[in-house]
Amino acid sequence: MDQHSSDIVDYYTQRYREDRRLTGRPQARLEWIRTSQLLRDLLPGPGARVLDIGGGTGEYARALVVAGYEVRLVDLVPSHVAQAASGHPPVESQVADARALPDADNGYDAALLLGPLYHLVRRADRLQALREAARVTRPGGLVVAAVISRFAGPLDFAATGRLDERVLDEARALLSDGVNDPRIGFTHAYFHRVEEITDECAAAGLTDVVVHGVEGPAWTAAEAAANGPAQDAVFAGALDLARLYSSEPALISSSAHLLAVGRVPGR
C-alpha cells in the first residue's frame, strides 16, 4: 500500500465515522435519498449482480441486497469491510484497491464507484479505477461513478457561515487544480468539473456517458436552514429541485456530488 492509500485508511480508521455520514446533515441526507433513487432508476432489475467498489461500510450495498440484488463490496479500509460484512443484512466483502480489483472479467451487470474516484488525486489512477470497473462489468453493463464537485467545499463553507479568507484562497486554487488541501478539511481528494468526469469516463472506454447532479442546486439552502423553523420545507424543496434538475447541464455543477453513468461497450 502506498503512502497516499495509507493516509486514506488512517483518515477513515482514526478520524471519521463513515457509517454515520449519510444520516446527519441535510447535504448527506439529500445525497443518500437521491443516490438511492438514481440507482433504482439506472440499475437493471433485482437479481442483477452488482460490485460496490469502495463501498465503505455498506449502506448502499445493504439497501440493494434488501431490494433483491446480488451485491459484493470491496473497500480499501479494513474496518469498513468488517462493518459491511457484519451488518444486517451482511454483505459479501473484501479488502481491495479500486485500481487492482481481484474480480474476474465480465462478472457483474453493474459496477459502482461511489467513493474511490475523489480520493485518487492523479488522473492516471482515476482512469485505472474506471477501467477496472469496466473490466469486471459485462458488455452492455453500467459503471456508475460518484465524484465531488469542484465547487462543493466553498459552497458548503458559505452556506454554514464558515467562509473566511483562508477558504477563499483555497477556492481560488481549486478553480485551477482541483486538489483539496487537507488542512482546510476532509483528506486527500480531487474535486471534479462536469467535463472532467465525462472525459475520464470516455477515456476509460465507457460510452453514452451522462452526468447527474446528486443533491441539486438548493442543497446549500437546506444547510443554511438546518435547525431553523423552515428546515423541513426547505429540505423538501431542495429534494424536489434535485429530482427536477438532475441532468440539467446549467445546474449539475451546483450539486455537492456528481454521478456519472456510462455503459461498457461490447467486446
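**Contacts and packing**

A: A polar contact of 2.8 Å links the side chains of Arg99 and Asp97. A polar contact here is a pair of N or O atoms within 3.5 Å; within protein, one must be able to donate a hydrogen and the other to accept it, and residues adjacent in sequence count only if both atoms are side-chain atoms.

Q: Before going on, what is the model's origin, and what are the ground rules?
A: It is a predicted model: local features need pLDDT of at least 70, side-chain atom pairs count only at pLDDT 80 or more, and totals for chains, interfaces and linings use all residues. Residues are numbered from 1 along each chain as its sequence is written, and side-chain values use heavy atoms, with hydrogens and water left out.

Q: Where does Arg99 sit?
A: In the loop between β3 (92-95) and β4 (108-113). Helices (H or I, at least four residues) and strands (E, at least two) are DSSP runs, numbered from the N terminus.

Q: Is Arg99 buried or exposed?
A: Buried, because its relative accessibility is 16%. The cut-offs are under 20% relative accessible area for buried, over 50% for exposed, and partly exposed in between (1.4 Å probe, protein chains only).

Q: Which side chain does Arg99 contact at 3.5 Å?
A: That of Asp125, in a polar contact.

Q: Switching to rings. How many aromatic pairs?
A: Two. Rings of Phe, Tyr and Trp (its six-membered ring) pair if their centres lie within 6.5 Å; planes under 30 degrees apart are stacked, over 60 edge-to-face, the rest tilted. One of the pairs is Tyr118 with Phe186, tilted, at 6.3 Å centre to centre and 45° between the planes.

Q: What does that pair tie together?
A: Parts that are 68 residues apart in sequence, since Tyr118 lies in the loop between β4 and α5 (123-135) and Phe186 in the loop between α7 (165-177) and β6 (191-192).

Q: Buried or exposed, for Tyr118?
A: Tyr118 is buried, at 7% relative accessibility. Phe186 is partly exposed, at 25%.

Q: Now helices. How do α2 and α3 pack?
A: Helix α2 (residues 26-42) meets helix α3 (residues 59-66) at about 45°, with axes 11 Å apart. Axes are lines fitted to C-alpha atoms, for helices over the stretch in contact, and angles run from 0 to 180 degrees between N-to-C directions.
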